[in-house]
Amino acid sequence: MTTASIQEIKKELRMLDAEELQELCMRLAKYKKENKELVNYLLFEAHNEQTYLENVKEEISELFKGVPATNVYLVKKSLRKILRFTSRQIKYSGVRETELEIRIFFCTKMKEAKVPRTPGTVLNNLYQQQLKKIESTFAKLPEDIQADYDREMKNILS
C-alpha cells in the first residue's frame with residue numbers, strides 16, 4: 001500500500017463535510033497519544049502561546065525534580081525522558097521563540113541540577129547538542145528578537 005502525498009490528502013480533506021472531518025480527527029486522536037496531544041495543543045493552547053510556554057516550563061521543572069542525584073545511569077535516563085518531552089512540545093508549537101525558550105530553559109535547569117558534564121560523556125554530548133540546536137534557532141530569528149535572548153544565551157554558554 002502506498003501512502004498519498006500531503007497535497008493529495010489536502011485535496012481529499014477539502015471534499016469532506018464538517019462531520020466527516022471531525023470523525024477523521026477523532027479517529028486520529030484516539031489511536032496515538034502524540035496525535036491526541038497535538039490536537040489538544042491546537043484546540044486549547046495554540047491561541048495563547050505564552051500560557052503554553054509557562055505550562056511546559058512548569059512541567060519540565062517537575063520532571064527535573066525527579067532526576068536522581070547519585071546514579072549517573074538514572075540521571076542520563078531521566079534527562080533523555082525530559083528531552084523527549086521537550087522535543088514533543090517544541091514540535092507541537094512550531095514557533096521559533098517558543099523553541100528557543102524551552103531549550104534554554106532545559107539547559108538552565110540542567111545547569112541548576114548540577115548534572116555532571118565531564119567532556120566526552122553522554123551527558124556532556126546531550127548538553128552540547130542542545131546548545132547547537134539553540135544556536136541554530138537563534139540564528140534564524142530577527143536581530144531585534146535575538147537581542148532579547150542575548151543575556152540568556154550568554155548564561156547557558158558559560
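Which residues in α4 meet which residues in α6? The exercises below work through this contact and others in a predicted model.

**Exercise 1. Describe how α4 and α6 pack, and list the residues that meet.**

Step 1. Locate the elements: helix α4 covers residues 49-65 and helix α6 covers residues 96-112.

Step 2. Two packed helices are described by the angle between their axes and the distance between the axes. For α4 and α6 the angle is about 20 degrees, and the axes are 10 Å apart. Angles under 35 degrees count as roughly parallel, so α4 is roughly parallel to α6.

Step 3. Assign the hand: the crossing of α4 with α6 is right-handed.

Step 4. List the contact. On the α4 side are E49, L53, V56, K57, I60, S61 and F64. On the α6 side are T98, E101, I102, F105, F106, K109 and M110. Sorted by class, the contact residues of α4 with α6 are 8 nonpolar, 2 polar and 4 charged.

**Exercise 2. Classify the aromatic pair formed by F64 and F106, and state what it connects.**

Step 1. The structure holds 2 aromatic pairs. F64 and F106 form an aromatic pair with a centre-to-centre distance of 5.6 Å and 55 degrees between the planes.

Step 2. Planes under 30 degrees apart count as stacked and over 60 as edge-to-face, with the rest tilted. The pair of F64 and F106 is tilted.

Step 3. Since F64 lies in helix α4 and F106 in helix α6, the pair ties together parts that are 42 residues apart in sequence.

Step 4. Check burial, for which the cut-off is under 20% relative accessible area. F64 has 8% relative accessibility and so counts as buried. F106, at 1%, counts as buried.

**Exercise 3. Work out the packing of α6 against α8.**

Step 1. Helix α8 consists of residues 143-157. The axes of α6 and α8 come within 10 Å and cross at roughly 20 degrees, so α6 is roughly parallel to α8.

Step 2. The hand of the crossing of α6 and α8 is left-handed, whereas α4 passes α6 in a right-handed crossing.

Step 3. From α6 the contact takes E97, L100, E101, I104, C107, T108 and K111. From α8 it takes I145, Y149, E152, M153, N155 and I156. The classes in this contact of α6 with α8 are 7 nonpolar, 2 polar and 4 charged.

**Exercise 4. Is D144 buried or exposed, and how far apart are D144 and E58?**

Step 1. D144 belongs to helix α8. Its relative accessible area is 56%, so D144 is exposed.

Step 2. C-alpha to C-alpha, D144 and E58 are 27 Å apart in space, and they are 86 residues apart in sequence.

**Exercise 5. Determine the packing of α2 and α3.**

Step 1. Helix α2 (residues 18-31) and helix α3 (residues 33-45) pack at about 130 degrees, with axes 5 Å apart. The arrangement of α2 to α3 is therefore oblique.

Step 2. The contact is made by L28, A29 and Y31 of α2 with K33, N35, K36 and V39 of α3. It has 4 nonpolar, 1 polar and 2 charged residues.

Conventions. Residues are numbered from 1 along each chain as its sequence is written. This is a predicted model: local features need pLDDT of at least 70, side-chain atom pairs count only at pLDDT 80 or more; totals for chains, interfaces and linings use all residues. Side-chain values use heavy atoms; hydrogens and water are left out. Axes are lines fitted to C-alpha atoms, for helices over the stretch in contact, and angles run from 0 to 180 degrees between N-to-C directions. Helices (H or I, at least four residues) and strands (E, at least two) are DSSP runs, numbered from the N terminus. Angles under 35 degrees count as roughly parallel, over 145 as roughly antiparallel, 65 to 115 as roughly perpendicular and the rest as oblique. A crossing is left-handed if the near helix is turned anticlockwise from the far one by less than a right angle, and right-handed if clockwise. Contact means heavy atoms within 4.5 Å. Ala, Val, Leu, Ile, Met, Phe, Trp, Tyr, Cys and Pro count as nonpolar, Asp, Glu, Lys and Arg as charged, and the others, Gly among them, as polar. Rings of Phe, Tyr and Trp (its six-membered ring) pair if their centres lie within 6.5 Å; planes under 30 degrees apart count as stacked, over 60 as edge-to-face and the rest as tilted. Buried means under 20% relative accessible area, exposed over 50%, partly exposed in between (1.4 Å probe, protein chains only).
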